Amino acid sequence: MTNKKDAPIGVFDSGMGGISVLRELVKIMPNEDYIFFGDSANAPYGIKTVEEVQKLSFEKVEHLLSYNCKAIVVACNTATSAAIKELRAAYPDLIIVGLEPALKPAVEHKKDSKVGVMATPLTLKEKKFNDLMNKYITKADIRKIPAPDLVEFIESGDVDSPELETYLQKLLSPYKDSDSIVLGCTHFPFAKKVIQKIMGDDTFIVDGGEGAARETKHLLEKSNLLSDKTEKGSVKFENSRKTKEELELSQKLFNL
């Protein structure tokens, strides 16, 4: 049996969005091998039922475990909200890291501030997010900003078109007075430049990718599973659409 330290880290998302988390993982653990699975055929998860998202999440984990992954990163806020508890119960010996909206840094950025949370409708409805929100409700004015269509723009490789800007202008116009914007979906960091342009340079924009990457590294260290390799690791992309275009887009977003 090969050394468990040399096993890859599996990362999955409802589509391309989780590549924003993958980039953070590679940044802090460049010597690890990664397998990224994007479920673009079933994107977006944010408008599905909890049961549907759980079923799809279990399928992705099973698939990644066929590569003997030493850890799984659920690089999708919606899948984390709907399925992380069930996944951890089903695989108690596996390191499973999820994503949660980066509310803490946003609230702490400025005292008594206005914080907008952009996410899919399902993430904003789920108990997991509402429990998190209730922790900070007395410290900031937190506004939910459902953005169901933003995933579709990113899935088609659109990160800066006039159409995207028009959509975001309309979506964000009631929240222009926000001090911070939390990007509560892993697809959204790809639109960060446009969001920053609309909101202005003074608005603090934050996402949970870096925190999830740090947590993954911490748990691997704790379990003595960090790779000993000194050379750069590999990154393998897979997608449920199984087309050349999807894999090319994956690589393009990864290299942005």
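Colleague: Which residues touch the most other members of the largest nonpolar core?

Modeller: This is a predicted model, so local features need pLDDT of at least 70 and side-chain atom pairs count only at pLDDT 80 or more, while totals for chains, interfaces and linings use all residues. Residues are numbered from 1 along each chain as its sequence is written, and side-chain values use heavy atoms, with hydrogens and water left out. A nonpolar core is a set of buried Ala, Val, Leu, Ile, Met, Phe, Trp, Tyr and Cys residues joined through side-chain atoms within 4.5 Å; buried means under 20% relative accessible area, exposed over 50%, partly exposed in between, with a 1.4 Å probe and protein chains only. Of the 50 residues in the largest one, those with the most contacts to other members are Val11, Met118, Leu150, Leu168, Leu172 and Ile195.

Colleague: What is Ile195 in contact with, leaving aside its neighbours within four places in sequence?

Modeller: Contact means heavy atoms within 4.5 Å. On that basis Ile195 meets Met118, Leu168, Leu172, Leu183, Phe188 and Ile205.
Another core lies apart from the largest one; it has 21 residues, among them Val53, Ala79, Ala82 and Ile96.

Colleague: Which elements do the buried residues of helix 9 pack against?

Modeller: Helices (H or I, at least four residues) and strands (E, at least two) are DSSP runs, numbered from the N terminus. In helix 9 the buried residues are Val194, Ile195, Gln196, Ile198 and Met199. After the helix comes Gly200, with a positive phi near 95°. The buried set packs against strand 5, helix 8, strand 7 (180–183) and strand 8 (204–207).

Colleague: How do helix 8 and helix 9 cross, and what classes of residue make the contact?

Modeller: The axes of helix 8 (residues 162–172) and helix 9 (residues 192–199) come within 10 Å and cross at roughly 50°; axes are lines fitted to C-alpha atoms, for helices over the stretch in contact, and angles run from 0 to 180 degrees between N-to-C directions. Helix 8 is therefore oblique to helix 9, since angles under 35 degrees count as roughly parallel, over 145 as roughly antiparallel, 65 to 115 as roughly perpendicular and the rest as oblique. Leu164, Glu165, Leu168, Gln169 and Leu172 of helix 8 meet Val194, Ile195, Lys197, Ile198 and Met199 of helix 9. With Ala, Val, Leu, Ile, Met, Phe, Trp, Tyr, Cys and Pro counted as nonpolar, Asp, Glu, Lys and Arg as charged, and the others, Gly among them, as polar, the contact has seven nonpolar, one polar and two charged residues.

Colleague: Which hand does the crossing of helix 2 and helix 3 have?

Modeller: Helix 2 and helix 3 (residues 77–90) pack at about 55°, with axes 9 Å apart. Val50, Val53, Gln54, Ser57, Phe58 and Val61 in helix 2 meet Thr78, Ala79, Ala82, Ala83, Glu86, Leu87 and Ala90 in helix 3. A crossing is left-handed if the near helix is turned anticlockwise from the far one by less than a right angle, and right-handed if clockwise. Here the crossing is right-handed.

Colleague: At what angle do helix 1 and helix 11 cross?

Modeller: Ile19, Leu22, Arg23 and Val26 in helix 1 meet Ser250, Leu253 and Phe254 in helix 11. The crossing is right-handed. The axes of helix 1 (residues 19–28) and helix 11 (residues 244–255) come within 9 Å, at an angle of roughly 50°.

Colleague: Is Glu155 buried or exposed?

Modeller: Glu155 sits in helix 7 (residues 150–155). Not counting residues up to four places away in sequence, Glu155 touches Gly15, Met16, Gly17, Ser40, Ala43, His187 and Leu249. Its relative accessible area is 7%, so Glu155 is buried.

Colleague: Where is the cis peptide bond?

Modeller: Most peptide bonds are trans. Pro44 lies in the loop between strand 2 (34–38) and helix 2 (50–65). With omega about -5°, the cis bond joins Ala43 and Pro44.
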